[in-house]
Amino acid sequence: MTPLLEAIEIARHFPLAGKLFRRSTRAVKAVDGVSIALHAGETLGLVGESGCGKSTLGRLLARLDEPTGGTIRFEGQDIAGLDEAALKPFRRRTQIVFQNPYSSLNPRQTIGDTLIEPLLIHGIGDAASRLQRAHDLLDIVGLRREHFGRYPHQFSGGQRQRIGIARALALEPALIICDEPVSALDVSIQSQILNLLDDLQKRFGLAYLFISHDLRVIEHIADRVAVMYLGRIVEEAPVADIYARPRHPYTQALLAAVPVPDPARRQPEVVLEGNVPNPIDPPSGCHFHPRCPLAEARCRSEMPPLVTGAGGHKVRCWVNQAEDPVVRNAWQI
Amino acid sequence: MSDATVPVQDATESRTRHVLRTTFASWPAKLSLVVLTLALACAIAPSLIAPRDAFLQDLSLRLLPPAWEPRGQALYWLGTDQLGRDTVARIIHGARITLLVSVLAVVVSAVIGIAAGLAAGFYRGLTDAIILRLIDMQLAFPLILLVIAVVAVVGPSLTNLVIVMGLSGWPRFARIVRGSVLTVRHLEFVDAARAIGASQFRMMAHHILPNIMSAIIVYASFEVARMILLEATLSFLGLGVQPPTPTWGGMISEGRRYVNQSWTVAIAPGIAIAAVILAFNILGDALRDALDPQLEDRT
């Protein structure tokens, strides 16, 4: 089965400003050779610390930004280098929901206009049917029709996120990229929005790329999880597998840091030391080696490849290799 | 956490009516509206309003003080100028050219400045660099020298004056617009517009421009004021509207020589300029607040 969306070795390097009259050769490698595949109706969770490039990857896959290398195939077509006019059919199939519900809606546009605009741009239906569709969208995301003529500031954060979701649904896409859609919301609202996303997926057969730094949210919503560190995927596996048997020491550290609601169980005092290294000068070899308790000599000199093991569990590590039956846990939990 | 919304204004009221109602809600705004209406009336039909001919000279009545001073004459409320022309009549006639020239000049500089600022802020890169250098070039060049050169070549007609003054104002407009575009264009709703397939024109016209309009309106109201003063400066140098056509700036520059004999000749048009400028600024502020939907509920 061909995947809905497939990225092959995509990269996004942001060149640093050079000196006067001299172009800089240095660049921030926000996304550096990421390959990812997403099937119809599936949810792929993407986790990582802030600054690891997960949002940049989301923007690349939504083609809000152009990759500096690699291929992105959507339904078999390469969309990496297309211009805005050629992207228009793709825009109908892929939408994005943003993190900040306060800046993701145009403050000068009523909710109705926000929902009608995509239909207008793509020339869908006549005025009456577009109005009807906008009303239906409000129903679908659990808002009332009286909200049609109101402005974004008259809504709460959770309601605004519903509006953002309704806008993403307007064109009946196959894929929605959710860039931290609940991290700006209160916990109680988070679960409402997550349940809404779940329902919509069942109802419309949507595929989600769900970006988050919250592992509990990812566990709840994702079918597969990819872990990103410094612009690269370090581990990717089905959700149950990765939570039960994390192989990459970085994934192990992230999972060890999740608070557990059990007073009897002790939390490790320090899990991961140091900060994410500077993406301009990433460490040699495995980018994680300066923070890794398992690091060996080889980790310092050679970048490990992303190897697929049993059950589609992919990991990029010299110590806990994908085929290895023994998994060493870096933090003994 | 409830999902309740804030109550909103009566939905039956149209957007335009709502904006007008909130703009003129306060008394300074109402007063400003009166001042501008009066100035506009003078500009449209000066002959109907003025008590007598603004061009009629009478040297026996030159430099009369205002009516309430001992030497003043009841028919000449604000006295007369050095050629015996009625100051009131000249202020009323002067409103026409003064307002026409300054408002049109602002329109010219706004059109150029908004287009250049939007392009620079939206496209960045080379477009931005070129437009910024053009702005710097023009701002570095002495304005008066530029105007003298242009007027010397094309002659001091009204149209030329509007074009030259309009061109003098676009760089500041472009800078304000560019700065505002830079703060807005990275907000997620602009990305969302791109994601739904909006063209670049639509992103600029529907998503960026409405969100920077308040800055533009307020700046334009200040710009009208600046243009009135620029016209006065140019008239003073003999490059503005040519006598005997009365303009407020021209009256000040002519009257300043006689300020010892009759202070109203220069001060009265000065007060007219100040009143109109103040009115423009107050209405600019009020309109900005009325156009901002986030302030709607607080009024």
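This report walks through the domains, a sheet, a helix pair and the chain contact of a predicted model.

## Before you start

Residues count from 1 along each chain as its sequence is written, chains are lettered from A and ligands numbered from 1 in the order in which they are written. As this is a predicted model, local features need pLDDT of at least 70 and side-chain atom pairs count only at pLDDT 80 or more, while totals for chains, interfaces and linings use all residues.

## Two domains in chain A

Chain A is assigned domain 1 (5-17 + 26-222) and domain 2 (247-259 + 270-333); such bounds come from an automatic or database domain assignment. Taken over C-alpha atoms, the centres of these two domains of chain A are 30 Å apart.

Where do they touch? Eleven residues of domain 1 of chain A are in contact with seven residues of domain 2 of chain A (contact: C-beta atoms, placed from the backbone, lie within 7 Å). On the domain 1 side, strand S2 (27-38) and helix H7 (215-221) of chain A each give at least two residues. Helices (H or I, at least four residues) and strands (E, at least two) are DSSP runs, numbered from the N terminus.

## A sheet in chain A

Chain A has an open sheet of eight strands in the order S6-S7-S8-S3-S9-S10-S12-S11, with mixed pairing (strands pair if DSSP finds at least two bridges between them). At its edges are S6 and strand S11 (307-308) of chain A, each pairing on one side only.

Look inside the sheet for strand S10 (residues 232-238) of chain A, which pairs with strand S12 (residues 314-315) of chain A in the antiparallel sense over two bridges. In one of these strands, S12(A), A:Val315 is the bridge partner of A:Glu235.

## A helix pair in chain B

Helix H9 (residues 200-236) and helix H10 (residues 248-255) of chain B pack with axes 7 Å apart, at an angle of about 45°. Axes are lines fitted to C-alpha atoms, for helices over the stretch in contact, and angles run from 0 to 180 degrees between N-to-C directions. H9(B) and H10(B) are therefore oblique to each other (under 35 degrees is roughly parallel, over 145 roughly antiparallel, 65 to 115 roughly perpendicular, and the rest oblique). Among the residues making this contact are B:Ile228 and B:Phe236 of H9(B) and B:Trp248 of H10(B).

## Where the chains meet

Chain A brings 32 residues to the contact and chain B brings 21 residues. On the chain A side, helix H3 (111-121) and helix H5 (157-169) are among the elements that each supply at least two residues.

Methods: Two residues are in contact if their C-beta atoms, placed from the backbone, lie within 7 Å.
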